[in-house]
Amino acid sequence: MGPRYSSDGAVQYALAQHASKIVFDQSNVPGTGYIAAGPAALAANAHVPIVQLTENVPITDANSVAIKEVNDAGPNGAVVLNFTPPQALVILQAAQKLGLENRVKLWGCSTPCDTDFLSQALGPKWNNKLFVNAEMTPATTANTPTINLYKAILSQYGKSVSGGVGSFSEFGFAEAEIVVHALESVQGPYTVASVNAAIRAVQGYNTGMLCQVWSYGSYPMHIPNNEDYTVTPNNGKMVVAQGCTQISSVHPQIAAYRKVAGVAQSAP
Amino acid sequence: MPSWTYFQPFVVSGLALGGVYALSGVGLVVLYRATGVVYLAFGAVGAMGALIAWSLIKDTGVPGWVGWLVCVLFAGAVTLAYGMVFGPALAKRDPLIKAVATLGLTLVLFGVMDLLWTSGGGQSRAIALPTDNGGFVVGQLQVNWTQVIGLGAGIAITVVTGAFLRYTKLGTAMRAMANDRDITATLGVPVRRVEAAAWLGCGVLGGVAGLLLADLVALDAMTLTFLVISSLAAALIARLRSIALTFVAAIAIGLIHDLLTPIQALSNYRDMTPFVLAAVALLVLSRRSVISLSREEA
């Protein structure tokens, strides 16, 4: 889904919890304007003020970043982060060391924060305080054949995968799943044309790891995964805080995609 | 422009960071005065020490204090070893060459850290000191003991080092070597031993600074390695001579850096603080004097 829509999901959850102000902070890298436009649209639709911040990475002064975010958000506001896990971790830990974790209504984060490393590093003070948009089915609590296969493969072959269990390693598994499904449908030799056609023909495929069935299709844009979970750390694991929820059509690109592709069926 | 109340928490965080920069800066100045070496690997030895401590505490379950002690001893040992092996060989070389040689050590350590504690793939590491959890409130400001220790350590090291250099035999020998190593040697001062003490002391401070910065900033190899730049800027403002001025400059760098945070128009440029302050100070200070940049080579 990408950082823009994932940030939407995190901000959307904060708005649903009636945060009176959103502080959205992300890395100061090219493309931040594009990413920031999504949360800005959601906040504007909800008539909630939003403060857009950026930080140079790697963050060398997490204390002052955390103080700034909390001051800007206020006691009834939400701080939503869009960083890689190490950068998000330094901010959250700085907030904890300064006793700031309870000075806002809630903390949010886009999908990169959905990793067991982060939940273990944060500790119990962040139980049900940090809410992470999770594009993939939470693996630490789910017990389906696909999730179990993913965990077995990760355990046997992925020891050097430093990201661990979480959305990003699940992305890799799901992508492989979809491509294998497409390749198995090819009749005849594998050529650029036949493989591309097979991938384009993937329709309503249940990956076992997403909220909805997945389709590629021949649409002018591709946002087939636009319904997410929200997870929260709970004693070292990410657990579901909110089940599958559609990313809001207030976002113009989401609305445009649903207009051409419709709303996908929920995964069984 | 935010109100003064808004800036107050940044004063606390800036003072804590400035204190650690001062601790590092004093170590750099003392070593430079004794050996003529600008120790660019200061941050890297502290970073690797902190990562070793993290691994020991997390993977072997040793008590925290054992890990911290290993961090300090590691930084001291590596620095001492470097000084004893390469110090004499480079003693008569240009200060620039001696400084660049320490950059070589930095790159070696940085490579090893990246190999052993890769930062790719979203790995998250953190070091926590027991002083993180306690503190006190001043008005609406929350101050934790680690921040107090950061500032306190900077003050203590500055005072103790100043007294050490002025009132002890070893300190006097270090000051003599800063003036002229050869003449000091001919006077019977054991220069190798004095240099060894300077290298070891600098390394130990590197380990302490590494631990504090890993807690106050981040446990990340690149971040910690290059935070030496702020300490170096403070040392340069003091012209690598005055410990008191190094302390003042370090506090100023920490304060200004953090106080720029809430000013949205300047916030993303605050990392330039040490460079800008050092450049301005050097330009102002060198208006009337000529800075000698090289020594005569044998």
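This is a predicted model: local features need pLDDT of at least 70, side-chain atom pairs count only at pLDDT 80 or more; totals for chains, interfaces and linings use all residues.
Let me begin with B:Gly203, which touches B:Val45, B:Ala75, B:Gly76, B:Val78, B:Thr79 and B:Leu80, leaving aside residues up to four places away in sequence. Is B:Gly203 buried or exposed? B:Gly203 counts as buried, because 30 C-beta neighbours lie inside 10 Å and the threshold for burial is 20 or more.

Let me now turn to chain B as a whole. Chain B has 13 helices and 2 strands. Along the principal axes, its C-alpha atoms fill a box of roughly 60 × 50 × 35 Å. How does the radius of gyration of chain B agree with that of a compact globule? For 298 residues, a compact globule would have a value near 19 Å; chain B has 19 Å, so the two agree. Of the 298 residues of chain B, 48% count as buried. As for contacts within chain B, consider those between residues at least 6 apart in sequence: 76% of these join residues at least 24 apart.

Helix α10 of chain B, residues 228-237, packs with helix α11 of chain B, residues 243-259, at an angle of about 135°, and their axes are 8 Å apart. The crossing of α10(B) past α11(B) is right-handed. Which residues make the contact? From α10(B) they are B:Ser230, B:Ser231, B:Ala233, B:Ala234, B:Ala235 and B:Ile237. From α11(B) they are B:Leu245, B:Thr246, B:Ala249, B:Ala250 and B:Ile253. By class, the residues of this contact comprise 8 nonpolar, 3 polar and no charged.

I come next to the contact between the two chains. Chain A contributes 31 residues and chain B contributes 30 residues. On the side of chain A that touches chain B, the elements giving two or more residues are α3 (62-73), α4 (85-97) and α5 (116-122) of chain A. That side of chain A has 15 nonpolar, 13 polar and 3 charged residues.

Finally, some backbone details in chain A. A:Val57 and A:Pro58 are joined by a cis peptide bond, with omega about 0°. A:Pro58 lies in the loop between β2 (50-55) and α3 of chain A.

Two histidines deserve a remark as well. A:His18 is not a glycine, yet its phi is positive, at about 65°. A:His18 is in the loop between α1 (3-16) and β1 (22-27) of chain A. Why is A:His18 classed as exposed? A:His18 is exposed because it has 12 other C-beta atoms within 10 Å, and the exposed class takes in residues with 12 or fewer. A:His47 also has a positive phi, near 55°, in a residue other than glycine. The loop that holds A:His47 runs between α2 (32-45) and β2 of chain A. A:His47 counts as exposed, because it has 7 C-beta neighbours inside 10 Å.

Note on methods:
Residues are numbered from 1 along each chain as its sequence is written. Chains are lettered from A and ligands numbered from 1 in the order in which they are written. Axes are lines fitted to C-alpha atoms, for helices over the stretch in contact, and angles run from 0 to 180 degrees between N-to-C directions. Helices (H or I, at least four residues) and strands (E, at least two) are DSSP runs, numbered from the N terminus. A crossing is left-handed if the near helix is turned anticlockwise from the far one by less than a right angle, and right-handed if clockwise. Two residues are in contact if their C-beta atoms, placed from the backbone, lie within 7 Å. Ala, Val, Leu, Ile, Met, Phe, Trp, Tyr, Cys and Pro count as nonpolar, Asp, Glu, Lys and Arg as charged, and the others, Gly among them, as polar. The radius of gyration is taken over C-alpha atoms; the globule rule is 2.2 Å times the number of residues to the power 0.38.
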